[in-house]
Amino acid sequence: MAFRALVVRKDGDGPVTGAVEELNEDTLPQDGEVLVEVECSGLNFKDGLCMTGGGRLVREYPHIPGVDMAGCVVESGDDRYKPGDRVILTGWRYGEIWWGGYAQKTRVKADWLVPMPANLTSSQAMAIGTAGLAAILGVAALEDHGITPDKGEVIVTGATGGVGSLSVSMLANRGYRVAAVTGQADAADYLKSIGAETVIAREDLSEPSPKPLESGRWAGCIDSVGSTMLSRIITQMAYGGTIAAIGNASGIGLETNILPFLLRGVNLLGIDSVMQPYENRMRCWNNAGEWMQLDTLDSMIRETRLEEMMELGSSILEGKVKGRVVVNPSL
Ligand SMILES: NC(=O)c1ccc[n+]([C@@H]2O[C@H](COP(=O)([O-])OP(=O)(O)OC[C@H]3O[C@@H](n4cnc5c(N)ncnc54)[C@H](OP(=O)(O)O)[C@@H]3O)[C@@H](O)[C@H]2O)c1
């Protein structure tokens, strides 16, 4: 049976190009046990890289991008899933080394799937998606380390991005006072509408700290930016403050000093959503509908078609995407 997909191709040293094509189901990877009709996929920073050839994430062409998807099982060779089951897939390098979710059909390994919680639609599941799973893991990590709303403010970097905006909204919904850091001059109203109490300009944190310890302000931090901004925030953490390091939108370097860790007991926690074990994934997805304010989540969604994804892939790498893009491959 034929289905539509966004296919990216690369000729030798030429650029990566992409177009919506019609493919046959027998072209899908045959070693996946479960055939899924994709209802929605999302747009993540990594999708931008996969659509433009960045980060050497995609090694083989032609390729179907889309690092996450939500949909309905059509056929299953695995006892855990049957036709009609609603499922979610994020991580496991899906959409990078395996054909991904920018398609009406996908064939995947049963081990990668989680059942979709009954309180989420496919669109909401993909508005959460990989970025939201990482944000939930980050907030859970802060709370597992004793951070509660009464401990003080939580700072969120890259606040208009996927991880950032979902973190802002989720933290506010859980009663935290949130300071949102953004490089977008016109984003203050948006960030306040999703729950930020304070908005901080990116420039205020883009220089290295002048001292090993600044006055301690933040109880928690959800960081998707890394590099100089993360190193600056480390020096501003309050006693016992905890940082969930999720991303590297501004670079992979991290220059810091030991004093915030030794004198203030600051915790720097790494977050990985890609290889996260099943039990913890399920814990996060089962909490998602309650931890996120679903009305706010709906207000962040921009639904789109496969035909628009190549352009959106470049936009997300330039930091120009606000809120959550959800692609419906059947539109
Ligand atoms: N660890 C994991 O499992 C995991 C999972 C998902 C994503 N990630 C990573 O998390 C990061 C964010 O992913 P995303 O999907 O949320 O991407 P995104 O939507 O592009 O968000 C990144 C945000 O960072 C800010 N930013 C971009 N370039 C910057 C720079 N040079 N300096 C300072 N801020 C900058 C921008 O926000 P403002 O314009 O508001 O400043 C941008 O919207 C990426 O590095 C991604 O690879 C990791």
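The shell around the ligand is made up, by class, of 13 nonpolar, 16 polar and three charged residues. Keep in mind as you look at it that this is a predicted model. In total, 32 residues surround the ligand, and the closest are Gly158, Gly161, Gly162, Gly247 and Ser250. Three elements, α1 (45–52), α2 (122–144) and α3 (162–173), each give two or more residues to this shell.

Where does the ligand lie relative to domain 1 and domain 2? Residues of the shell come from both domain 1 (2–116 + 295–327) and domain 2 (130–270), so the ligand lies between them.

Let us now turn to a pair of helices. Helix α2 packs against helix α7 (residues 278–291) at an angle of about 90 degrees, and their axes are 10 Å apart. Angles of 65 to 115 degrees count as roughly perpendicular, and α2 and α7 are therefore roughly perpendicular to each other. The residues that meet are set out here.

| Helix | Residues in the contact |
|---|---|
| α2 | Ile128, Gly132, Leu133, Ile136, Leu137 and Ala140 |
| α7 | Cys284, Asn287, Ala288 and Trp291 |

By class, this contact of α2 with α7 has eight nonpolar residues, two polar ones and no charged ones.

Finally, visit the start of the chain. Met1 is found in the segment before β1 (2–10). Is Met1 buried or exposed? Met1 counts as exposed because it has 8 C-beta neighbours inside 10 Å, and a residue with 12 or fewer falls in that class. Leu133, one of the α2 residues in the contact with α7, is 132 residues from Met1 along the chain, and the C-alpha atoms of Met1 and Leu133 are separated by 33 Å.

Notes
Residues are numbered from 1 along each chain as its sequence is written. This is a predicted model: local features need pLDDT of at least 70, side-chain atom pairs count only at pLDDT 80 or more; totals for chains, interfaces and linings use all residues. Helices (H or I, at least four residues) and strands (E, at least two) are DSSP runs, numbered from the N terminus. A residue is buried if 20 or more other C-beta atoms lie within 10 Å of its own, exposed if 12 or fewer, and partly exposed in between; C-beta atoms are placed from the backbone. A residue is near a molecule or strand if its C-beta atom, placed from the backbone, lies within 6 Å of it. Ala, Val, Leu, Ile, Met, Phe, Trp, Tyr, Cys and Pro count as nonpolar, Asp, Glu, Lys and Arg as charged, and the others, Gly among them, as polar. Domain bounds come from an automatic or database domain assignment. Axes are lines fitted to C-alpha atoms, for helices over the stretch in contact, and angles run from 0 to 180 degrees between N-to-C directions. Angles under 35 degrees count as roughly parallel, over 145 as roughly antiparallel, 65 to 115 as roughly perpendicular and the rest as oblique. Two residues are in contact if their C-beta atoms, placed from the backbone, lie within 7 Å.
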